[in-house]
Amino acid sequence: MTTSAVVAEAPVSAPAATVLHTVTIDLGERSYPIVIGAGLLDDPATWAGLPRASCAAIVTNTVVAPLYLARLRAALQPHYARVLEVVLPDGEAHKDWPTLNRIFDALLAAGADRKTVLFALGGGVIGDMTGFAAACYMRGVPFVQVPTTLLAQVDSSVGGKTAINHPLGKNMIGAFYQPARVVCDLATLVTLPPREFAAGLAEVIKYGPIADAAFQDWVEANIERLVARDAAALAYAVRRSCEIKAAVVGQDERESGLRAILNFGHTFGHAIEAGLGYGVWLHGEAVGCGMVMAAELSRRLGLVSAAWVARLERLVAAAGLPVRAPTLGADNTARYLELMRIDKKAEGGEIRFVLVNEAGQAMVRPVPDALVAEVIEARGSAT
Ligand SMILES: NC(=O)c1ccc[n+]([C@@H]2O[C@H](COP(=O)([O-])OP(=O)(O)OC[C@H]3O[C@@H](n4cnc5c(N)ncnc54)[C@H](O)[C@@H]3O)[C@@H](O)[C@H]2O)c1
Ligand SMILES: O=C(O)C(=O)C[C@@H](O)[C@H](O)[C@H](O)COP(=O)(O)O
Ligand SMILES: [Zn+2]
């Protein structure tokens, strides 16, 4: 018999965590950092300094769980005596009451107390639902956003809008509830399918027209690098998007005015999502097309030129997003108008749109139905 030393297989070591930027969202006692970097998920140091608790619960879905759940769990274990896992069905069609209830069922069944910290591991659907669950569970527990889609890193994880959908309208049931921290690990974006990645670019593109014309120029000049997921370009796009969103939300947390500019393209976009059925077009696809429609509306009101609309349309198309509006049924225009009348910006039955000018400024105005109808008819024809 030969004796030989048992050589343990070397653990697959995660790349060293690198923090590239920290953007602070300034909301007084509800302020928090948005940490942007690579390899952050696996590093226990990333999760230090959060509210003290004996229990953490990671909320994720069936697509993200096999990719990142075990890694986050391992990094959280030094900080929490218990780490629960709640794995939900995937997709926009499950951003609803029954799925939200599954979070409460799991927390209650496990005896999670009112200090339990929820971790939203996934895209905007998981982030919006986990945030809403955190706002409600035992009247409020802390939560952390761990966005793993481009869209969630540049937009949905920041600012505290949490919600589920209703068959009659997007995000109709929800709460403003801020996370304790946002951790954007850019390394997670490598596994994102191309269609989902393109959807995230829609919200990146949004920030130029509403707030920063120089950023719009930069996105145009770098759209090929972004589509190719060039690491430096992505890091800058995530950082600048978070900076712009943090500045807007810092001035108007609950959307009494300014914050509505973040809804550019969303009045048309939400109608497309609800009208086709949630998940048929992705949120970012609907917003991409909706921005072109809102730009066309701005043109008809004399705010931008036809050349500017064409420029935005080219950018949206270069990102891999649709630019022609889908048909929502036999009475198409009436259906759009009906769906848009329930938009949260509407007042007294009057639909209000985010309009833009060429200087990178946005404004929110009511627009006559007849003009909106012209845009729906002019921009239609996607199947
Ligand atoms: N709260 C806000 O301010 C805000 C802002 C923008 C959008 N939203 C909401 O966000 C939602 C859209 O978010 P989304 O685009 O992230 O969609 P999503 O959450 O459905 O994620 C997209 C898809 O990618 C998968 N996925 C996630 N991370 C992955 C990864 N790293 N690798 C592989 N697959 C991965 C998901 O499981 C899903 O199938 C919509 O419900 C929208 O209303 C909210
Ligand atoms: O944070 C905001 O404010 C936004 O409007 C960001 C949007 O990209 C996002 O889709 C948001 O969920 C839309 O909000 P809603 O109030 O129109 O439901
Ligand atoms: Zn959006």
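This section describes the domain arrangement, nonpolar core, ligand surroundings and selected residues of a predicted model. Residues are numbered from 1 along each chain as its sequence is written, while chains are lettered from A and ligands numbered from 1 in the order in which they are written. Because the model is predicted, local features need pLDDT of at least 70 and side-chain atom pairs count only at pLDDT 80 or more, whereas totals for chains, interfaces and linings use all residues.

The protein is divided into domain 1 (18-191) and domain 2 (205-382), with bounds that come from an automatic or database domain assignment. The centres of the two domains, taken over C-alpha atoms, are separated by 26 Å. Across the boundary, 28 residues of domain 1 are in contact with 23 residues of domain 2, contact being defined by C-beta atoms, placed from the backbone, that lie within 7 Å. On the side of domain 1 that touches domain 2, two or more residues come from each of strand S1 (18-25), strand S2 (32-38), H4 and S8. Helices (H or I, at least four residues) and strands (E, at least two) are DSSP runs, numbered from the N terminus. The residues of this side of domain 1 divide into 15 nonpolar, eight polar and five charged. In this classification Ala, Val, Leu, Ile, Met, Phe, Trp, Tyr, Cys and Pro count as nonpolar, Asp, Glu, Lys and Arg as charged, and the others, Gly among them, as polar.

UniProt positions are given in the numbering used here, feature names are shortened, and annotations may be inferred rather than shown by experiment.

The largest nonpolar core has 117 residues, of which Ala57, Val59, Leu118, Phe119, Leu121 and Ala294 touch the most other members. Its largest share, ten residues, comes from H5, and the core draws at least three residues from each of domain 1 and domain 2. Such a core is a set of buried Ala, Val, Leu, Ile, Met, Phe, Trp, Tyr and Cys residues joined through C-beta atoms within 7 Å. A residue is buried if 20 or more other C-beta atoms, placed from the backbone, lie within 10 Å of its own, exposed if 12 or fewer, and partly exposed in between. In soluble globular proteins, nonpolar side chains tend to be buried together. Not counting residues up to four places away in sequence, Phe119 touches Ala56, Ala57, Ile58, Val59, Leu72, Val144 and Val146.

Ligand 1 is surrounded by 32 residues, the closest being Val63, Gly123, Gly124, Thr149 and Ser156. Helix H3 (124-136), helix H4 (150-156), strand S8 (169-176), helix H5 (194-211) and helix H10 (283-300) each give two or more residues to this shell. A residue is near a molecule if its C-beta atom, placed from the backbone, lies within 6 Å of it. The shell around ligand 1 comprises nine nonpolar, 14 polar and nine charged residues. Around ligand 2 are Asp155, Gly159, Lys161, Lys170, Asn171, Glu203, Glu255, Arg259, Leu262, Asn263, His266 and Lys344. By class, one of these is nonpolar, four are polar and seven are charged. At least three residues of the shell around ligand 2 come from each of domain 1 and domain 2.

The UniProt feature "binding site" (unreviewed entry) is placed at Glu203, His266 and His283. These positions are spread over 81 residues of sequence but cluster in space, with a largest C-alpha distance of 10.3 Å. Glu203 lies in helix H5 and counts as buried because it has 27 C-beta neighbours inside 10 Å. Residues up to four places away in sequence aside, Glu203 touches Leu151, Val154, Asp155, Gly284 and Val287. His266 is located in helix H9 and is likewise buried, with 27 C-beta neighbours inside 10 Å.

In the loop between helix H8 (231-251) and helix H9 (266-276) is Ser256, which is exposed because 8 other C-beta atoms lie within 10 Å.

Definitions and conventions:
Two residues are in contact if their C-beta atoms, placed from the backbone, lie within 7 Å.
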